[in-house]
Amino acid sequence: MCGIVGYVGKKQAAPIILDGLRHLEYRGYDSAGITVLHDGILDTRKKKGKIVEGLAKLMEDKRFHGILGVGHTRWATHGEPSDRNSHPHQDQSGKISIVHNGVIENFESLRDKLKAKGHTFNSETDTEVLAHLIGDYYATNDGAPDGIHPLTNAVMNALREVIGTYGIAVVCSDYPGVLVGARRGSPLIVGVGRDEHFLASDASAIVAHTRQVAYLNDYDVVTVESDRFDVKNLGSDTAHVQISQIEYSAEAAEKGRYDHFMLKEIFEQPQTVRNAMRGRIDLEESTTKFGGLNMTTAELRAIDRVVIPACGTSWHAALIGEYLIEEFAHLPTEIEYASEFRYRNAPIEKNTLVLVITQSGETADTLAGLRESKRRGHKVLAICNVVGSTIAREADGGIYLHAGPEIGVASTKAFASQVTVLTLLSILLGRIRMLSGSHGMQVIRALEAIPSQMEAILAQNDHIKQIALKYASCEDFFFLGRQYNFPAALEGALKLKEISYIHAEGYPAAEMKHGPIAMIDEKTPTVFVIPTDPLYEKTYSNLEEIKARKGPIVAIATQGNEKIREKADDVIYLPPTIEPLNPLLAALPLQLLAYHIAVARGCDVDKPRNLAKSVTVE
């Protein structure tokens, strides 16, 4: 997902927009640009490359000033990363400038129509077509309806022709105090300040200036001025938005003493697990409780199947959730790739609960799965980290992670929070079925111990770093585990791929013999997640098979297991816990291993190539 920042007020816009773009660079980094309006002229500066390198020199140019502007950091969809494809884009007249997140699916037919009317285009982007379309409507405007600004009217008319997704911010040289925004499928929020207002695709861009925000809904079009904003809706006579409070501070979105956001977020996991548990444990009843499910105990007991659509790291957390719910609640549970689920005509029985999992609350495929499930009349709950996000607002109920802002593109602390919440939810579902009070209390006590155990693992950071340096030059890795540790292995492989660009695969340990073991040699390390659990001996046998073929082995094992040193080349120890909670502990060394390997290889850990934090387009 790209990043948008807009400003209208009494201060200089460019420094505010540039600062906001720096906070959004993790969402898009191919190029960046800013337009400010000064003395009736739109001044646009844009450049391929990273924001700090490409735009920071703007602040040295005293001519680049104005109290109205828009900025953008891009993750390329249509058109390669280049100066001319960078946003903002202007219309034919040069009076209108626009920044855009999303994809205009019918941009080619719109471009052809505009070309027939004499329009010429300077880029390969769908966004420039939208800019020209808005400009065309603005130029032929015969008068806006009462209560609608002329620029807003042109935007609304243009968007009625658009097929696709968009979050846009628009300025016009004729109106030095007006900023227009709109959204469909791509998040956009209004920041409310004193004598100043903002538009942004993410709260982290503006939290340093205001914590009062209004989250726009799909088809909302907002007219923003320094002292007010007004929302219309393309599909309704009325629009409903409300002011919300951003729940984290500006400091929470900074790296602090850490070299990278990813490392900071790895070390925040003990606290994020505590936050996910806070107020949700009922020791007296040996169960858990949630305030936002919006389901009665009877409705929860009536569930006879759970379907969980998710993507990426959230899918791996969901897989752990499948094991948890089936073990504790004996409820059949299926995990779906949201990108496949949204298009399948999957038969879902009447009493099925759909549980979507997403860090951002804006993932396009997960949102589409939610909407399709609701259309069919199913109850949909969401596990989400972002208060006010689209999925959080559209779900029938849900659970917030309270993990705070996650800036690193590779998700870490959100995964820990998701698994924690899934554990709490599985206890609740189990206790209203057949999970005994004593078993429920055992799990709760083990979960309460996890944060301090995580801190003990983080204390091994230097040891893990030395192991990472040993294998940093390898080009292939395997990650293996059984049962609950299989999703942990998948997540370890994904982290390594995401940030170091090393080919890595995760498998159930027993599956190696069904083909992948042919890849093992002395240059291909295997990371075994092998805590002491009921399947330890079987996993150890798989480890011996790898060792017999001269494959280097890194073992993530339980403290006190000295036998593992006989076969493993390197060992990282975990504190002992119950079997279902091992992934919460194993995730940390896997994340640190990937992090230190990536740093050693000179990779940009927080902004890995080709990736964006939130996938809001297909």
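For the charge count, Lys and Arg are positive, Asp and Glu are negative, and His and the chain ends are left out. On that basis, the protein chain carries 66 positive and 78 negative side chains. The centres of the two sets lie 1 Å apart. Keep in mind that this is a predicted model.

Now the overall fold. The protein chain has 18 helices and 26 strands. Its C-alpha trace spans about 80 × 55 × 45 Å along the principal axes. What about the radius of gyration? It is 26 Å for the protein chain. A compact globule of 618 residues would come out near 25 Å, so the two agree.

Next, packing. Of the 618 residues, 61% are buried. Take the contacts between residues at least 6 apart in sequence: 72% of them join residues at least 24 apart. The accessible surface is about 23300 Å². Carbon and sulfur atoms account for 48% of that surface.

Let me zoom in on one residue, Thr524. Where does Thr524 sit? It is in the loop between strand E23 (503-508) and strand E24 (526-530). Is Thr524 buried or exposed? Its relative accessible area is 5%. The cut-off for buried is under 20%, so Thr524 counts as buried.

What does the side chain of Thr524 touch? It makes a polar contact with the side chain of Asp521, at 2.8 Å. Then set aside neighbours within four places in sequence.

Definitions and conventions. Residues are numbered from 1 along each chain as its sequence is written. This is a predicted model: local features need pLDDT of at least 70, side-chain atom pairs count only at pLDDT 80 or more; totals for chains, interfaces and linings use all residues. Side-chain values use heavy atoms; hydrogens and water are left out. Helices (H or I, at least four residues) and strands (E, at least two) are DSSP runs, numbered from the N terminus. The radius of gyration is taken over C-alpha atoms; the globule rule is 2.2 Å times the number of residues to the power 0.38. Buried means under 20% relative accessible area, exposed over 50%, partly exposed in between (1.4 Å probe, protein chains only). Contact means heavy atoms within 4.5 Å. Accessible areas come from the Shrake-Rupley method with a 1.4 Å probe; for residues, only the protein chains shown count as cover. The place of a charge is taken as NZ of Lys, CZ of Arg, CG of Asp or CD of Glu. A polar contact is a pair of N or O atoms within 3.5 Å; within protein, one must be able to donate a hydrogen and the other to accept it, and residues adjacent in sequence count only if both atoms are side-chain atoms.
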